[in-house]
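This report covers a set of chains and the contacts between them. Please look over the sequence and the structure before reading on.

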There are 2 protein chains.
Amino acid sequence: MQYPAPIAKLMNSFTKLPGIGAKTAARLAFYVLEMNEADVTEFAQALINVKRDLTYCSVCGNITDTDPCMVCADPQRDRSQVLVVEDPRDVASFDRMQEYHGLYHVLHGVLSPLEGTGPEDLNIAPLIKRLQDDTIQEVIIATNATAEGEATATYLSRLIKPAGIKVTRLAHGLSVGSDIEYADEMTLFRAIEGRREL
Amino acid sequence: MQYPAPIAKLMNSFTKLPGIGAKTAARLAFYVLEMNEADVTEFAQALINVKRDLTYCSVCGNITDTDPCMVCADPQRDRSQVLVVEDPRDVASFDRMQEYHGLYHVLHGVLSPLEGTGPEDLNIAPLIKRLQDDTIQEVIIATNATAEGEATATYLSRLIKPAGIKVTRLAHGLSVGSDIEYADEMTLFRAIEGRREL
């Protein structure tokens, strides 16, 4: 006996998701079988809607169901600052903090010669276009502290600075609440390098 | 900014699945956003179909898209043996082995006074009914080796044996390939208790 076709197909769909292997897919598929019908219908509808209703904001590249997105359209936002991130999830992280009130720009990746990702593969040209009127006075580069993230930050800084716009980079150092004993060398180096007077 | 409604709803649906928290749900939902449309539609359809097309076999209680199920309807199967399991996934495990050719019966749980599961909550009455003609000669009880699984096995054995039907229980002992050093005491006890002459 194989699994009946409907459940085998659902398992197959689950295994296409990242981090879900055959055993987890089976467990999830059987769980769906026991879920109430309304929840399953809602789940199926949510899958369809995500593909149908979400696009990328034509201004900042963030995911959105309106164009321009809620942030770009919000008159309360400080239009003099743009925070440049790799990924739409990073936007959500910064906005949870509720202390940044400027705009965002999503690159959808980082420069990576190894993976063949060049500037033309990222959402960079629209960023340069946004900088052409004089509204934006500071570009805060918030790519991750990886080799690729650093290279992308350097590239953007060299591209934008000549236009007379302030370019800043997020501070790197010890995480709040972390233990120096367990910090890696690169983090300690950055923490010393970026020390501030008390 | 919150996440746009379509992606927030999909995250919410993912968190309803077992073992998927808020962070994993966000990662999966964003992954769906990047999946090709055909795969997503197939996924949504598979969810709907599982609820719509699958039922429980009226004979053995296994999940199926035909009634009776493929096993119960298969004329090649040995109709003198019934293997009693807790869960439809256990049926799939035994059938992957390809060495058991009898029938199955799915209890959909085990007796558990703590959780208020009594004999009337399990698929036991249909099993007794299946035993009433003289076709079935052996009932192999394959509930898990937990306290509840053992209690269920004992209960079924007392119920079925008086009818003159052979009742057996799966062997318990060391797993094939396992190391005695790491075996738990209960497993070692069962391995000694169940020793066989060479």
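The sections below go from domains and interface to single residues and salt bridges.

## Model and conventions

This is a predicted model: local features need pLDDT of at least 70, side-chain atom pairs count only at pLDDT 80 or more, and totals for chains, interfaces and linings use all residues. Residues are numbered from 1 along each chain as its sequence is written, chains are lettered from A and ligands numbered from 1 in the order in which they are written, and side-chain values use heavy atoms, with hydrogens and water left out.

## Domains of chain A

Chain A is assigned domain 1 (5-53) and domain 2 (78-164). Such bounds come from an automatic or database domain assignment. The C-alpha centres of these domains of chain A are 35 Å apart.

## The interface of chains A and B

Chain A puts 55 residues into the contact, and chain B puts in 55 residues. Contact here means heavy atoms within 4.5 Å. The size of an interface is often given as the accessible area lost when the parts come together. Between chain A and chain B the buried area is about 5,100 Å², with 73% from carbon and sulfur atoms. Buried area is the accessible area (1.4 Å probe) that two parts lose on being put together, summed over both.

The interface holds 11 residue pairs in polar contact, both residues at pLDDT 80 or more. A polar contact is a pair of N or O atoms within 3.5 Å; within protein, one must be able to donate a hydrogen and the other to accept it, and residues adjacent in sequence count only if both atoms are side-chain atoms. On the side of chain A that touches chain B, at least two residues each come from helix 1 (5-15), helix 2 (22-34), helix 3 (37-53), strand 2 (63-64), helix 4 (70-73) and helix 5 (88-97) of chain A. Helices (H or I, at least four residues) and strands (E, at least two) are DSSP runs, numbered from the N terminus. Helix 3 of chain A gives the most, with 14 residues. By class, this side of chain A has 33 nonpolar, 8 polar and 14 charged residues. Ala, Val, Leu, Ile, Met, Phe, Trp, Tyr, Cys and Pro count as nonpolar, Asp, Glu, Lys and Arg as charged, and the others, Gly among them, as polar.

## Salt bridges between chains

The rule finds 4 salt bridges across the interface of chain A and chain B. Over all chains the count is 14. A salt bridge is a side-chain nitrogen of Lys or Arg within 4 Å of a carboxyl oxygen of Asp or Glu.

A:D39 pairs with B:K16 at 3.2 Å, N to O. A:K16 and B:D39 also form a salt bridge, at 3.2 Å. That pair runs from the loop between helix 1 and helix 2 of chain A to helix 3 (residues 37-53) of chain B. A:K16, B:D39 and B:E42 are linked in a salt-bridge network. A:K16 is partly exposed, at 29% relative accessibility. Partly exposed lies between buried (under 20% relative accessible area) and exposed (over 50%), with a 1.4 Å probe and protein chains only.

Which residues does A:E42 touch? A:E42 sits in helix 3 of chain A. Leaving out residues up to four places away in sequence, A:E42 touches B:N12, B:S13 and B:K16. Its relative accessible area is 39%, so A:E42 is partly exposed.

## Helix 5 of chain B

Helix 5 (residues 88-97) of chain B has buried residues B:P88, B:D90, B:V91, B:A92, B:F94 and B:D95. Their cover includes helix 2 of chain A, along with strand 2 (63-64), strand 3 (78-85) and strand 4 (102-106) of chain B.

B:D87 caps the N-terminal end of this helix of chain B, with a side-chain oxygen 3.0 Å from the backbone nitrogen of B:R89. Just after the helix, B:Q98 has a positive phi of about 60°.

## Backbone features in the loops

The peptide bond from A:D67 to A:P68 is cis, with omega near 0°. A:P68 is in the loop between strand 2 and helix 4 of chain A. In chain B, the bond from B:D67 to B:P68 is cis, again with omega near 0°.

A:H108 is not a glycine, yet has a positive phi of about 60°. A:H108 lies in the loop between strand 4 (102-106) and helix 6 (125-130) of chain A. B:H108 also has a positive phi, near 60°.

## Salt bridges within chains

A:E150 and A:R169 meet at 3.3 Å, N to O. The pair links helix 7 (residues 147-160) and strand 6 (residues 166-169) of chain A, 19 residues apart. In chain B, B:R169 and B:E150 meet at 3.4 Å. B:R169 lies in strand 6 and B:E150 in helix 7 of chain B, so the pair ties together parts 19 residues apart in sequence.
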